[in-house]
Amino acid sequence: MDWGMKNRLSQLIQPDGRCLFLPIDHGYFQGPTTKLEEPGKTIEPILPYADAIMLTRGILRSCVDPAKTKPVILRVSGGTSMARKEELDHEGITTSVREAIRLNASAVSMSIFVGSEREHQTLLNLSNLVNECEEYGIPVMAVTAVGTELGKRDARYLALACRIAAELGARVVKTYYCEEGFEKVVRGCPVPIVIAGGPKVDSELEVFNWVYDALQKGAIGVNLGRNIWQHDYPVAMAKAIRAIIHENATPKEAQAIFDKIKSAKS
Ligand code: R5P
């Protein structure tokens, strides 16, 4: 692996081999998502606990102070919106590699929609992006997207999507956690896997359980947004999840960290 590629990956994946990526790219198709109406304000208190942020160039330029930030994973795909939910798989590449370099991105990220009508188009998008990024030593993180079909998130589907992303050259794959068979998803994917959280759930312990179990089964970390920044106590969530990832805390210990911070705040 080239020095530049290694260096960029090591900005994202910490010396313990793990990572906590904070995605705030949701607006690229959802618009001003709840609690992300002002992304700069949302991330300010939680940024210290993230290893990297994932976002689009527009939000990076307008909402993030270049002097006070973390390594950037630049979302470079899009071109769809929730106004046409049935066409969420119709993504193209929106941001050039030259722009990613100008913005000093540590990695770029894009979605593939395996099993959708435009599967082929999104897989070629990934292949072409990898071809170009490898020239410059920029890692590509593939996002195994399901659009609104959240029910698709079972081990068989996720294993298929993750393996294809790795085969096409992604250096990291972002996917979803599934309770049954997640170890098979990891085993079939020769590059590191991080998990997303999906829509916010009611119980923080549920999130701690996912993260812990995913790590036990071989994921290297998370790319987890709404279950942190849509929570009423985002800093407590970020610190507790960070403890699971970087300090091997159990879900129970993470809950204790969360409760302590919450009660100090209340
Ligand atoms: C989807 O909108 C984005 O790719 C997010 O970065 C990804 O889904 C992770 O965020 P969350 O944990 O909120 O699902």
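**Entry 1: strand 1**

I count a residue as buried if 20 or more other C-beta atoms lie within 10 Å of its own. The model I am reading is a predicted one. With that cut-off I looked at strand 1. Cys 19, Phe 21 and Pro 23 point one way from the strand. Leu 20 and Leu 22 point the other way. I found all of them buried. Five of the five residues of strand 1 are buried, so I note the strand as largely enclosed by the rest of the structure.

Next I looked up the partners of strand 1. Strand 1 covers residues 19-23 and pairs with strand 2, residues 52-55. The sense is parallel, and there are three bridges. Pro 23 stands opposite Met 54 in strand 2. I then turned to strand 10, residues 221-223. Three bridges join strand 10 to strand 1, and these two strands also run parallel. Here I noted Asn 223 of strand 10 as the bridge partner of Phe 21.

**Entry 2: the barrel**

In what order do the eight strands close into a barrel? I read the order as 1-2-3-6-7-8-9-10. The pairing is parallel. From one strand to the next, the twist averages 25°.

I also checked a helix against these strands. Helix 7, residues 155-167, lies across strands 6, 7, 8 and 9. In residue numbers, those strands are 107-112, 140-144, 172-176 and 193-196. Helix 7 runs at about 165° to strand 8.

Two packed helices are described by the angle between their axes and the distance between the axes. I took the pairs in turn.

Helix 9 with helix 12. Helix 9 is residues 204-216 and helix 12 is residues 251-265. Their axes come within 9 Å and cross at roughly 140°. That angle makes helix 9 oblique to helix 12. I logged the crossing as right-handed. From helix 9, the contact uses Glu 204, Leu 205, Phe 208, Asn 209 and Tyr 212. From helix 12, it uses Pro 251, Ala 254, Gln 255 and Phe 258. By class, I have six nonpolar, two polar and one charged in this contact.

Helix 11 with helix 12. Helix 11 is residues 234-247. The axes come within 8 Å and cross at roughly 155°. Because angles over 145 degrees count as roughly antiparallel, I put helix 11 down as roughly antiparallel to helix 12. This crossing is right-handed. On the helix 11 side I listed Val 235, Ala 236, Met 237, Lys 239, Ala 240, Ile 241, Ala 243 and Ile 244. On the helix 12 side I listed Glu 253, Ala 254, Ile 257, Phe 258, Ile 261 and Lys 262. The contact holds eleven nonpolar, no polar and three charged residues.

Helix 9 with helix 11. Are these two roughly parallel or roughly antiparallel to each other? The axes come within 10 Å and cross at roughly 25°. Helix 9 and helix 11 are therefore roughly parallel. The crossing is right-handed. Helix 9 brings Glu 204, Phe 208, Val 211, Tyr 212 and Leu 215. Helix 11 brings Met 237, Ala 240, Ile 241, Ile 244 and Ile 245. I have nine nonpolar, no polar and one charged in this contact.

Comparing the lists, I see Phe 208 of helix 9 in the contact with helix 12 and again in the contact with helix 11.

**Entry 3: two positive phi values**

Last, I looked at backbone angles in two loops. Lys 35 has a positive phi of about 75°, although it is not a glycine. Lys 35 lies in the loop between helix 2 (27-30) and helix 3 (39-43). Is Lys 35 buried or exposed? I find 20 C-beta neighbours inside 10 Å, so Lys 35 counts as buried.

Asn 104 is the other case. Its phi is near 60°, a positive value in a residue other than glycine. I place Asn 104 in the loop between helix 5 (97-102) and strand 6. Asn 104 has 12 C-beta neighbours inside 10 Å, so it counts as exposed.

Key. Residues are numbered from 1 along each chain as its sequence is written. This is a predicted model: local features need pLDDT of at least 70, side-chain atom pairs count only at pLDDT 80 or more; totals for chains, interfaces and linings use all residues. Axes are lines fitted to C-alpha atoms, for helices over the stretch in contact, and angles run from 0 to 180 degrees between N-to-C directions. Helices (H or I, at least four residues) and strands (E, at least two) are DSSP runs, numbered from the N terminus. Angles under 35 degrees count as roughly parallel, over 145 as roughly antiparallel, 65 to 115 as roughly perpendicular and the rest as oblique. A crossing is left-handed if the near helix is turned anticlockwise from the far one by less than a right angle, and right-handed if clockwise. Two residues are in contact if their C-beta atoms, placed from the backbone, lie within 7 Å. Ala, Val, Leu, Ile, Met, Phe, Trp, Tyr, Cys and Pro count as nonpolar, Asp, Glu, Lys and Arg as charged, and the others, Gly among them, as polar. Two strands pair if DSSP finds at least two bridges between them.
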